[in-house]
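Please look over the protein shown below.

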Amino acid sequence: MNDVDEYFNLKAERNIWVYMSYVQDQQDDYGVRLNRFYPRDLQVLKKTGLRSSAMRTLFSAVPKTSPRYHLVVLKHKNANFDYRGFAKVTTAASHYFYEDLKLDSLDIRHVLIPYGDDQRISMVYYIDTTANKRAPFSQLAYLAEINAKELQEKTPFSKSWQVFDCDRRLLDSHTIVFNKKLLKKNKVLYAKLYALYGKEEGIHFAHVLTKESPASVAVKLCPNNYRLDYFTQKGKLVFSQDIDL
């Protein structure tokens, strides 16, 4: 699996896969913005024909690493948007539609994922034309595929996700106990469990922690050393603990 993380929208009860190079809402030129747009977002959305009154914006994001592309993800409020002219991509487990557009020096790809009972998600990706020449829209293709698969499998909304990097026969059962005292100062926290490989690390489990969350969860983990970090919704690390398994 590529280095991905999952964005949780608690109000919309929707999970969206993104790359791990995103960080939460920064007062800078990168990060995941939940309540405001980047400067050219509205121009690009107008070009795609998406009307703000018919959409719920889940987030607008720019990765911290290069290339600095933009990704705006929206949920359609109705089934009125016409995508009959879009190209169709079909994989073994999913399908989605897309249209390529140009706006000044920007290359735009609008991916539309239909799912459920006439529900739709739009992923609008745009990038400087020069940066898009080597492998056009390569960053978006994988995200479009895995999000389409999850949406079309009717996967219920979950406050947790997990990945493995070992043979499943090596997995052992463990219990992770959360430090819920941290919720006294934060209504929502993201608990992320990282496997430690010397100087390297990789995320294996994530959970959206609220006052309603259980005090612990049962998980299956690969043999490794682990660290559990707690982040605010803006990406600030508030607590970290080694996990002795």
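The report moves from the whole chain to single residues.

This is a predicted model: local features need pLDDT of at least 70, side-chain atom pairs count only at pLDDT 80 or more, and totals for chains, interfaces and linings use all residues. Residues are numbered from 1 along each chain as its sequence is written, and side-chain values use heavy atoms, with hydrogens and water left out.

**Overall picture**

The protein has 2 helices and 16 strands. Helices (H or I, at least four residues) and strands (E, at least two) are DSSP runs, numbered from the N terminus. Of its 245 residues, 48% count as buried. Buried means under 20% relative accessible area, exposed means over 50%, and partly exposed lies in between (1.4 Å probe, protein chains only). The accessible surface comes to about 13,300 Å². Carbon and sulfur atoms hold 48% of that surface. These areas come from the Shrake-Rupley method with a 1.4 Å probe; for residues, only the protein chains shown count as cover. Among contacts with a separation of 6 or more, 61% join residues 24 or more positions apart. A contact means heavy atoms within 4.5 Å.

**Cores and helix H2**

The largest nonpolar core has 22 residues. Such a core is a set of buried Ala, Val, Leu, Ile, Met, Phe, Trp, Tyr and Cys residues joined through side-chain atoms within 4.5 Å. Leu71 and Met123 have the most contacts inside this core. At least two core residues come from each of strands S4 (55-62), S5 (70-76), S8 (106-115) and S9 (119-128) and helix H2 (138-152). H2 gives the largest share, 6 residues. Another core, of 21 residues, lies apart from it and includes Leu50, Val62, Leu101 and Leu112.

H2 has 15 residues, and at 1.5 Å a residue it should span 21 Å. The expected span is 1.5 Å times one less than the number of residues. The end C-alpha atoms of H2 are 22 Å apart, which agrees. Its buried residues are Leu140, Leu143, Ala144, Ile146, Asn147, Ala148, Glu150 and Leu151.

Ser213 sits in the loop between strand S13 (200-209) and strand S14 (216-221). Ser213 is buried, with a relative accessible area of 7%. Leaving aside neighbours within four places in sequence, Ser213 contacts Lys180, His207 and Val208.

Arg33 lies in strand S3 (residues 31-33). Arg33 is buried, with a relative accessible area of 7%. The C-alpha atoms of Arg33 and Val72 are 9.5 Å apart, although 39 residues separate them along the chain.

The table lists polar contacts: pairs of N or O atoms within 3.5 Å where, within protein, one must be able to donate a hydrogen and the other to accept it, and residues adjacent in sequence count only if both atoms are side-chain atoms.

| Side chain | Backbone atom | Distance |
|---|---|---|
| Ser213 | oxygen of Val208 | 3.5 Å |
| Ser213 | nitrogen of Thr210 | 2.8 Å |
| Arg33 | oxygen of Phe37 | 3.0 Å |

**Aromatic pairs**

The whole structure holds 6 aromatic pairs. Rings of Phe, Tyr and Trp (its six-membered ring) pair if their centres lie within 6.5 Å; planes under 30 degrees apart count as stacked, over 60 as edge-to-face and the rest as tilted. Phe81 and Phe86 form an edge-to-face pair, 6.1 Å centre to centre with 80° between the planes. Both Phe81 and Phe86 are buried. The ring centres of Tyr230 and Phe239 are 6.1 Å apart and their planes lie at 50°, so this pair is tilted. Tyr230 is buried at 0% relative accessibility, whereas Phe239 is partly exposed at 31%. One aromatic cluster consists of Phe81, Tyr83, Phe86 and Phe97.
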